[in-house]
Amino acid sequence: MTRFLLRRVIGLVLTLLAASLVVFLVLDILPGDPASLMLGTAARPDTLAALRHQMGFDQSAGLRYALWVAGLAHGDFGISYTYGVPVAGLIGARVMVSLPLALMAITLSTLIAIPVGAITAARRGQAVDAGLMGLAQLGVAVPNFWLGLLFILFFSVQLAWLPAGGFAGWDKGAIAALRSLLLPALALALPQAAILARVTRSAVLETLDQDYVRTALAKGVTGAGVLWRHALPNAFIPVVTVLGLQFGFLLAGTVIIENVFSLPGLGRLIFQAVAQRDLIVVQDLVVLLAGSVIVVNFLVDLAYFWLDPRLSRDAAR
Amino acid sequence: MKQGRLNLVLGGAITALLVGMALASLVWTPYPPTHIDIVHRLAAPSAAHWLGTDPFGRDVLSMIMAGARSSLSVALIAVAVGAGIGIPLGALAAAGGEWVDQAVMRASDLAFAFPALLTAVMIAALAGPGEANAMLAIGIFNIPVFARVTRGAALSVRERDYITAARAVGRSETAVMLRHVLPNISAMLLVQVTIQFALAIVADAGLAYVGLGTQPPDPSWGRMLNDAQTFVFHAPLLAVFPGLAITLAVLGLNLLGDGLRDRLDPRGR
Amino acid sequence: MIRTFAVVLAALLAAASAQAKDSLSLGMVLEPPHLDPTAGAASAIREVTYANIYEGLVRIDAMGKVQPALAASWTISPDGLTYTFRLRTGVTFHDGAPFDCATVMFSYGRAAAADSVNAQKGLFEPIARTDCPDPATAVVTLKRPTASFLFGMGWGDAAMLSPASVATDKTNPVGTGPFRFTRWVRGDRIELERFPGYWGAAPKLTTVTFRFITDPTAAVAAVLAGDLDAFPNFPAPEALDRVRADSRFTVVVGTTEGKTILALNDARKPFDDVRVRRALAYAIDRRALIEAVMSGYGAPIGSHYVPTDPGYVDLTGVYPYDPARAKALLAEAGVRPGTTITIKLPPPAYARRGGEVIAAYLEQVGITAKLVPVEWAQWLDTVFRRSDFDATVISHTEARDLDIYARDTYYFNYHSEPYRALFRDYQAAVDPRRQLDLVGQLQRRLAEDEPNVFLFALAKVGVWNAGLRGMWTNSPIPANDVTAVSWAE
């Protein structure tokens, strides 16, 4: 058991290191450098050389990689080339937009999906089931960024209820901030909820067929009681799995949605950093995002292990 | 069973319509999709322009048809890359020893950590944005998907009696894999292909929307949505049609996938 | 209960700030990378700091004229070589450091030094030396007469920086201006407040917030919601219809120095042939281009000079839209129909959209244009520095930059001895009338040779609250000078 865990943790660290190396290698051979961008069209060879030296760009690639990874290991993300301030601060400020957005989306989608999945499973074959599952089929097909655009069209342009984008900022109060996150979070959540609802429905259906549920029913436990107390908790594993697998999509979706609603989150930061050749920020962000996918998948693996005793027996073997 | 049949027919019809539109656009569109006609810019839908015109006076219907071609070709290549590399890798992992399995699966964990968007950001920074960028980025992400599905399915099939029997009579691992295992899981892989195809269409549109995918003047659905966004105040319909096209395409492919699954694997949902 | 309280409080605060009317919230498309205009080319740096935080010896006003700033007055010797600036006294930086001639010596010396990272180091190149006969007098001696020297010293790149704070000006700018820096929320806003120790008349505003909103739809929404009082450089005129219809706001169309051109690589076939360049100029309908790309905002140009600059000559009729003529010229030059060229397009909408429209026009005269979008960094590296391009769409925003056509090496590779001779005459000319005459000849020469296809001058489309006074209509240099802005009573 501990050996299994240890092996997985070592695997996790190696994967993270490999990811950082891939990112560095790809970005290090980019054409165009930040120094020439900062000085613009009137730059001269002497001013360029002076600035490159100032930015530490005359060091070797190997040294820069080593310094970067060593820094990352104890939480130092380096200094942004363009802003000249610690990257950790830049990312920190953007996380305050992206993370609440992603959490809101996950919460909303789960809150919608689980009841829908349970109800449709309980009413299998009835009109409610057919209607909601038809809607879910459609929901899976709608791209979240288009949904966002439609929301802007309807709620902002037509009705003028909610902002068409931009972020009020947390210092304007939680209500204002959450208001500017509501439409983007909904746009992310609805297609996600459609997928989750389908998974929940089939997982609940499967457990409803299992012996112990039949037994409970035979013992006279009511249908609703069985559903909430037995079937749903057991449907948990597939739902968690899908949430984990979908995490990468959620991340990509967040980046795109931030562009639709012009939110100052990580997604905007990464595009801005690419455009400005602020490589250290791009490197940090890609590693952070890819790293979070790796870590989430690792956690899902662990969750399996916990939720399903059969797996731990396998591992112990 | 009835539902499955309906899915298959409906999905097949939508997909056929889509493919037909894409193929037709190669030889005919109502107007040339890149033809600029500034006098008739931002025209509302009419008999002359069924879906209206864009800010440059280009015919939206023609652009959507040409966009179907772009979208389908990106998805086709991306899925081909993913399946072409991922399936052999997955089979290798299933048939090879523990070390091979470990190596393939860890590499696939690594690739899986890079959603197409992150890969596309890096490729675009390196080689510029474009259709090829989208194909590659989505394709790379598809590799671990196919590798995992293939490995999982192959491992479960391999334990079946007749395959154990085949091995017992001295067939080589390769022969067993090619003759017995792969044909047995091909139905499942086909379903996965339709799923990934649908996902690739959404991903392609997303990449084009943020400017990493197909570039002007080649029409693409995602690009059209981006262009439409600054015009939401006086030409809102421009933001509607391309999105409908994407949704319809994905819906068709998903229905087709569901229908295929029900037909090929009656135990499923 | 707490929520109700919060809502009430928010409402009260909103009411209070609505009543005060001495703050300004201003929208910008791009965020500055840092706030030192003497160490970076980004326009956004100047759009926050120019005249507000930093000042130079002279400044450029809303009409593009040179006005006194930290120098109260100046004299120029008859040979055009010696500039004697009479400096204001009692001026201090925001951190209390004094301003005097030593500051001038330091600032100009730093910009011209070997390790200078000034984006416009060339402006300081004519300076032979700076002397301080007394703390309130700065004498700048030039190597040769330079007609544009004083104008250049009004740019943000020539701002006065204090030696005490120069190392940290990028993140914590310290100038002599009427506003001082208070806070920077990266990705979102920069805040300034009134500097009580300012040497001149105190500005009416007490606080100024610059907010960064890239997306035009979001920008319109922010303006309509009252989150922004002004958006002086609105990126997408097509999204403005909503604002136009609302009487709370003013939409002002002004001019900029942005000369938008289809730059051609004159060293490459087929653009080494002037007939091909002229053919391209005939092939593009500038009016329709402006309509499609900028929703009609912008003015056609016929050379590398904008209508608002002194000595402008209208040359827009030299190459009227005439595709037949273009085809004939191309045939004459031996360019076959179906010839393919590549147009590299940097990120701004004028380039990306303009490229699409230009490609459609070129298609009509038998030239296939392949469009390649590039980021700024790539554009600078491949197009600008290495001249590795066929054609590109770009707006030259530096004011009166006719000099770029006289340089030995410049990315579009225009080499014309007659032009250079004219330009030398112009630089050496001391008599203003002679200068204007030469400026006219330079423009005619460019229209004749058409080294690039001159398209249009970018408009400055600004939108602001109808109660605001003193905003800049035009944009002679990149700046959001809010020192004279106030709210109507």
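Figure 1. In chain B, 18 residues contact 21 residues of chain C (contact: heavy atoms within 4.5 Å). The two chains bury about 1,800 Å² between them, 64% of it on carbon and sulfur atoms (buried area: accessible area, 1.4 Å probe, that two parts lose on being put together, summed over both). B:Phe56, B:Thr230 and B:Phe233 supply 34% of the area buried by chain B against chain C, more than any other three residues. This is a predicted model, in which local features need pLDDT of at least 70 and side-chain atom pairs count only at pLDDT 80 or more, while totals for chains, interfaces and linings use all residues. Residues are numbered from 1 along each chain as its sequence is written, chains are lettered from A in the order in which they are written, and side-chain values use heavy atoms, without hydrogens and water.

**Figure 2. Salt bridge of B:Arg41 with C:Glu291.** The closest N and O atoms of this pair are 3.5 Å apart. Between chain B and chain C the count is 2 salt bridges (side-chain nitrogen of Lys or Arg within 4 Å of a carboxyl oxygen of Asp or Glu).

**Figure 3. Strand β5 (residues 82-87) of chain C and its partners β4 and β7.** Strands here are DSSP runs (E, at least two residues), numbered from the N terminus, and two strands pair if DSSP finds at least two bridges between them. β5(C) pairs antiparallel with β4(C) (residues 71-76) over 5 bridges; C:Thr84 is the bridge partner of C:Thr75. β5(C) also runs antiparallel to β7(C) (residues 137-142), joined by 5 bridges, and C:Ala138 is the bridge partner of C:Phe85.

How values were computed
Buried means under 20% relative accessible area, exposed over 50%, partly exposed in between (1.4 Å probe, protein chains only). Helices (H or I, at least four residues) and strands (E, at least two) are DSSP runs, numbered from the N terminus.
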